[in-house]
Amino acid sequence: MIALPIVGVSAADITTRSSELTAEQQVTRDIGAADARLEGTGNGNTPIYQGLSDHEYASVDEDAPYTSAPTDISRAFPAGARTLTDTTGPAKSRTEHGLLDVDVRELKAADPMAAGIMTLKSGHFPAKAGELAASTAFLEQSGLKVGSEVEFRDFGQKYTISGAYELPDELDSVQLNALPGAFLKPYAQALTAKGLSVGDADTEYLVGVGGGHGFTWNMVKQANAKGVYVTSRAVAIDPPREDEVPLYTKQDGYRMGGSGGFAGHTAELTALATVVGLAMLEICLLAGPAFAVGARRSRRQLGLVGANGGDRRHIRAIVLAGGGVIGAVAAVVGTVLGLGLSVALRPLLEDYAGKRFGGIELRPLELTGIALLALVTGLLAAVVPAVVASRESVLASLTGRRGVRRANRVLPVFGAAAVCLGAGIVIFGAADSDNTLAVGGGSAIAELGVVALTPTLVGLFGRLGRWLPLSPRLALRDAVRNRGRTAPAVAAVLAAVAGTVAIATYMASYDQQSRDGYVAALPSGAVSLTVDTAGSRELGGVKAAVEKNFPTSGVADVSRIVVGEKTCDVWQSDKGCGTSQLVTPKANECALNREDSDDLSAAQRRKWVKDWRCAQNRGPASFDTETGILIGGAGILTGLGIHDPAAEKALADGRAVVFDKRQVGGDGRITLALIQDNSGTDTDLATAPHRTFAAYQPKAGTNAYGLTAVLPPAAAKAAGLRTVPYGLLVSTVRTPGSEERQALDGALDKLGVQADIHVEEGYVSENSVTMLALAIFAGLITVGAAGIATGLAQADAEPDLRTLAAVGAAPRVRRTLSGFQCGVVAAMGVLLGSAAGVLPAVGLRKAEARQEWKYYRQSLTEGWMGMDLPHVPIVVPWGTLAALIVVVPLGAALLAALVTRSRPGLARRAAD
């Protein structure tokens, strides 16, 4: 009982420390054996300030215009440095199942400078142009193996997989490795020749400078002045002081003397101490009755100690020594088992985390502290049984008589005071502040108070016995009369159930908040399917596959507007690719979006936030376009669940159906600006070519699921707009199941199409498994504590049970009484715990509500748009409570009845 938590804590400690890499280990995974990695910032050679965190940097001139020009990294190479090119670009490889998106990385992985970046598992790294090495994740997903040939879509050249490797920091990375120049350049040439778009490739350089100092901080700042970001081994291992980092001293908003150390982690340390304290209390409450069972069964031996001259100190020392020995054994066994568990689970945990650990890391000081925790817990759990055993007279111990003990009058007063204090702190934290730490601390104090009140509350339960049948009445009165063994078990159940109910109530409330705040991207059961420009060629086959495998009631073709080359994908910013943008009429503009919005007063901001022109009515659009405009007919309206004959007629007449009235001018038309260059530079919409369209507005409140407008193909063609097929909007008679989705995925694989598919299932809760796990955890604690109390009750009642058997009581009497004794303890603990567990959950939700309202009022003052009224519901998980209150005590009673022997065992008769 004591060793089990130690196993978990020590395993968690060893696993956590093993997963934390040293600076040397981490930088080796990033840059191999090189001294530094140099990479561009995507903003030309604009000078930057670099921080100490990963990829933390900012432009020296915050007002400098952004440019998408590539960075000339070679300008930052130190004289005489050795460099190694590391270029990564996207590709579509053919697999045993269809197509797979993969990153192809051109890096001479066999070079000593790259050692540590990739770990070779089998075969060898590429040695010639026709070879590729594959990551283990790629081999698993593709169905290929070392020695297989791999092909790529729209690229005729074949490559042989020469080896398998993994990235220690990215085990799930789907990647191929090639020699520099062996793949990306010929692949891009093949796509370009077919008029297809080519994905961006990022080039970085591994640099070795030689010497003993490596790539120093001064060299990093020199490279920063040329717009190059540097990952330096020397800086990672021995970073400069923060006052030597220009980003922190010359730029606002970056750390400089920020919170750290003990002061910066007060809340975390307080929470950890609270959790540890409550865990120790729970273990003591569970183990204390177990020690009492042992002490009760050793009454005669302890009595003999007293009869031979031992006093109370010796009796206490014997019982406490037993607790110390058990605690020490639990510490050793628990730590060893924790180490073994950590080692055994390491591969699974590494796969789950997606990265390899640095090795088995043992922190002797931390493990010693965990072991001492077990020792202290064992001693604390034995304190009360030791005191009780020492107070028993020698005669009562030798004869087995039970004396009458008076109830402690101080403990209930202390418990009531703690409950009032804790409840007051919770109410203050929830009603007069938004301090969740105060709510948590107050809840812990209140729970300790309820634990202290447990003996008194157990006595109150005894008054219910007059209405119960004989067997449960006897069990209840036995529990009440022997509160010394009943109260700790009830308190243990109470503590476990209170924590479970608190977490379950909080999670159920948060789940309801998420459910209420969920915004659907499509009508329930509808499906959106989008493809890139390459996949648009196969859209006819895709449509047939959808109609074959899904329970469709309608399929609408969807197209999108393209500005520039027809091969440009959505949001692509390559040369030759542009974008389109709706021009909001001047009268409909939101003042909060204007450049002079900082001049508005707080009252004006609050007024504008509530103005319809500043409303954020764009929901999660399943069809992602720059403007929110889709090209299509009335089928799109049907797929969106919009039944408006006037809107359908407008599309047939060549007019746009516009769902955002801010975009419609006084003349009833919308204006679309065509921006030819989407490289990231500011574009004057007034100078861009414009196209206008007659618009029809559906009635207010029409849910378009994030779309701004639907434009008929005829109107787009008449305006000279270039459009390309984008996907399908599918209406279904029911939500497609998993088997149907797998069948569609298989059909798309055969077509060689990568499609983004969204099936609108509505809100799906992710807490059901967690709620079940909480109920099981509380049930196990309840059964364990009630079982301990039952064992102690049987030890106390063994003479009475033998007497019953001697006078002819049926064997089932032992089972029945044992079952009811266990059920009574479980029921009392569950009822008290359920009541106590609601308080912290309600307090936390109230504190969160205050935080939400505080943030909402601030958003109104600052003029932040898109803020909804705070909604923080409090929901009681009745299903979990029903399982705890009814199922758990009933199960505990049945289990106790089943494991109890029907007949008493033979006992040694003590000499008179």
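Student: Which residues does T505 touch, not counting residues up to four places away in sequence?

Tutor: Contact means heavy atoms within 4.5 Å. By that criterion T505 touches A841, V875 and P877. This is a predicted model, in which local features need pLDDT of at least 70, side-chain atom pairs count only at pLDDT 80 or more, and totals for chains, interfaces and linings use all residues. Residues are numbered from 1 along each chain as its sequence is written, and side-chain values use heavy atoms, with hydrogens and water left out.

Student: Where does T505 lie, and how far is T505 from A841 in space?

Tutor: Helices (H or I, at least four residues) and strands (E, at least two) are DSSP runs, numbered from the N terminus. T505 lies in helix 17, residues 483–517. From C-alpha to C-alpha, T505 and A841 are 6.0 Å apart, although 336 residues separate them in sequence.

Student: Is T505 buried or exposed?

Tutor: Buried means under 20% relative accessible area, exposed over 50%, and partly exposed in between, with a 1.4 Å probe and protein chains only. T505 has a relative accessible area of 1% and is therefore buried. In the protein chain, buried residues make up 45% of the 912 residues.

Student: How should I read a strand residue such as V759, and what is V759 in contact with?

Tutor: V759 has its place in strand 22, residues 755–759. V759 counts as buried because its relative accessibility is 11%. Leaving aside neighbours within four places in sequence, V759 is in contact with A526, V527, T735, P736 and R741.

Student: How is the packing of two helices described?

Tutor: Two packed helices are described by the angle between their axes and the distance between the axes. Axes are lines fitted to C-alpha atoms, for helices over the stretch in contact, and angles run from 0 to 180 degrees between N-to-C directions. Helix 19 (residues 602–609) and helix 25 (residues 812–862) pack at about 105°, with axes 6 Å apart. Angles under 35 degrees count as roughly parallel, over 145 as roughly antiparallel, 65 to 115 as roughly perpendicular and the rest as oblique. Helix 19 and helix 25 are therefore roughly perpendicular to each other.

Student: Which residues of helix 19 and helix 25 meet?

Tutor: From helix 19, A602, R605, R606 and V609 meet S859, L860, T861 and E862 of helix 25.

Student: What is the length of helix 1 from its first C-alpha to its last, and which elements cover its buried residues?

Tutor: The expected span of a helix is 1.5 Å times one less than its number of residues. Helix 1 (residues 3–19) has 17 residues and reaches 24 Å, close to the 24 Å expected. Its buried residues include A3, I6, V7 and S10. Their cover includes helix 11 (312–353) and helix 12 (364–391).

Student: How many residues has the largest nonpolar core?

Tutor: A nonpolar core is a set of buried Ala, Val, Leu, Ile, Met, Phe, Trp, Tyr and Cys residues joined through side-chain atoms within 4.5 Å. The largest has 27 residues, and those with the most contacts inside it include V102, V104 and F138. Among the elements giving two or more residues to this core are strand 5 (99–106) and helix 3 (136–142). Apart from this core lies another of 23 residues, including V657 and Y726.
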